[in-house]
Amino acid sequence: SFYGAVTLQCLMLIGRGHLDEAQTLANGLREQYLRSRHPDAGIASDVTHVSLHFLRGELDAAIATGEHMMANFPAPETVTDPLHYLHPRVYCWMALGAALRGDIPANNEYCRLAKELALSRGDVFNVLAADLTVIESAAILGEVEGTAARAAEVDRKFRAAGGNQWAAVARIVCEWAQFMETGTGDAAAAHRAFDEYTGDGTVVMSPLFLCLLADIETRCGRADEAGRLLVRARTVAERIGESAWNMDIERRAAVQPVG
């Protein structure tokens with residue numbers, strides 16, 4: 001559909017860090033919905049605004065928009081086009097927003113709803129996306145117990161499904177959790193995974209992953225490298241407008257020499 005195509009275009013812009021351009025499209029979708037009240041326009045508007053609100057650190061707005069979508073545009077009973085079936089992904093954004101707020105019960109619930117909804121429609125990709133959200137949430141919340149093993153399994157499943165870029169995120173989290181829990185791991189593998197994730201120009205959420213790499217470098221006793229990674233995280237976040245990670249970056253910078 002037209003609205004589905006614009007939604008995917010918007011999400012691609014978000015992935016490449018073009019948040020302002022994506023915002024223009026998202027605002028256009030909202031205007032279309034307000035004029036037409038067409039449900040496809042409403043879904044497109046809500047999906048794009050949830051992700052933009054989250055990345056800009058507007059967590060209350062992100063979660064409220066997601067709740068609006070679920071209340072007004074329920075998930076279809078039959079999924080005819082998985083690329084345009086974004087309800088589980090919206091729950092994933094909401095889960096990450098709850099994690100950033102430190103709201104563990106809400107995070108757990110949104111993760112559960114994302115996976116349950118994907119499973120109920122036989123949507124294998126979004127089942128894996130929900131599993132990835134669980135371990136990303138653990139990284140945001142600083143929960144390390146059992147995270148490395150779960151992340152390794154998500155890495156394996158995504159690679160088996162051909163989702164190597166998504167698997168790379170799981171590998172970063174896996175190595176981070178391993179280092180945080182045991183003090184040992186494969187730092188080089190984490191850096192290679194970050195390069196794999198960003199190799200096509202993708203930058204969305206990369207400030208978070210740079211923070212995780214900085215944690216690994218700190219655990220390895222390489223304070224200067226950790227500091228450089230935090231500078232890079234701050235620079236990327238400022239350039240693309242991802243304000244969601246500012247507190248995570250500054251919290252680390254407060255105890256870590258930067259530069």
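Let's call a residue buried when its relative accessible area is under 20%, exposed when that area is over 50%, and partly exposed in between, using a 1.4 Å probe and protein chains only. What you are looking at is a predicted model, where local features need pLDDT of at least 70 and side-chain atom pairs count only at pLDDT 80 or more, while totals for chains, interfaces and linings use all residues. Residues are numbered from 1 along each chain as its sequence is written, and side-chain values use heavy atoms, with hydrogens and water left out.

Let's stay with the cysteines for a moment. A disulfide is a covalent bond between the sulfur atoms of two cysteines, and the cut-off here is a pair of cysteine sulfur atoms within 2.5 Å. How many disulfides does the structure hold? The count is 0. For C92, the nearest cysteine sulfur belongs to C111, 6.8 Å away. Seen from the other end, the C111 sulfur has C92 as its closest cysteine partner, and 6.8 Å is too far for a bond. C111 is buried as well, because its relative accessibility is 9%.

Next, have a look at R89. You'll find this arginine in helix 5, residues 87–100; helices here are DSSP runs (H or I, at least four residues), strands are runs of E (at least two), and both are numbered from the N terminus. Is R89 buried or exposed? R89 is buried, yet it has no salt bridge, and the nearest side chain of opposite charge is E136, 6.0 Å away. For the bookkeeping, Lys and Arg count as positive and Asp and Glu as negative, with His and the chain ends not counted. A salt bridge needs a side-chain nitrogen of Lys or Arg within 4 Å of a carboxyl oxygen of Asp or Glu. So what does R89 touch, leaving aside its neighbours within four places in sequence? Its contacts (heavy atoms within 4.5 Å) are N126, A129, T133 and W166. The charged end of R89 also sits over the ring of W93, 5.8 Å from the ring centre. That label requires NZ of Lys or CZ of Arg within 6 Å of the ring centre and within 35 degrees of the ring normal.

W93 brings us to the aromatics: together with F54 and W245, this tryptophan forms one aromatic cluster. A pair of aromatic rings is described by the distance of the centres and the angle of the planes. Here, rings of Phe, Tyr and Trp (its six-membered ring) pair if their centres lie within 6.5 Å, with planes under 30 degrees apart counted as stacked, over 60 as edge-to-face and the rest as tilted. The structure holds 9 aromatic pairs. One of them is stacked: Y91 and Y110 have ring centres 6.3 Å apart and planes at 25°. This pair links distant parts of the chain, with Y91 in helix 5 and Y110 in helix 6 (residues 104–120), 19 residues apart. Y91 is buried at 12% relative accessible area, and Y110 is buried at 9%.

F125 lies in helix 7 (residues 124–141) and W166 in helix 9 (residues 164–182), so the pair ties together parts that are 41 residues apart in sequence. F125 is partly exposed at 39%, and W166 is partly exposed at 27%.

On to the charges. Side chains of opposite charge can pair when their charged atoms come close. Searching the whole structure turns up 17 salt bridges. In one of these, R101 meets D60, with the closest N and O atoms 2.4 Å apart. R101 sits in the loop between helix 5 and helix 6, while D60 belongs to helix 4 (residues 59–72), 41 residues apart. R101 is partly exposed at 40%, whereas D60 counts as exposed at 54%.

Other bridges stay inside a helix. D155 and R159 pair up at 2.8 Å between the closest N and O atoms; being 4 residues apart in helix 8 (residues 147–160), they are separated by about one helical turn. D155 is buried at 5%, and R159 is partly exposed at 32%. Both also belong to a network of salt bridges that links D155, R159, R171, E175 and E196. Then there's R252 with D248, bridged at 4.0 Å, N to O. Both lie in helix 13 (residues 246–255), 4 residues apart, about one turn of the helix, and both are buried.
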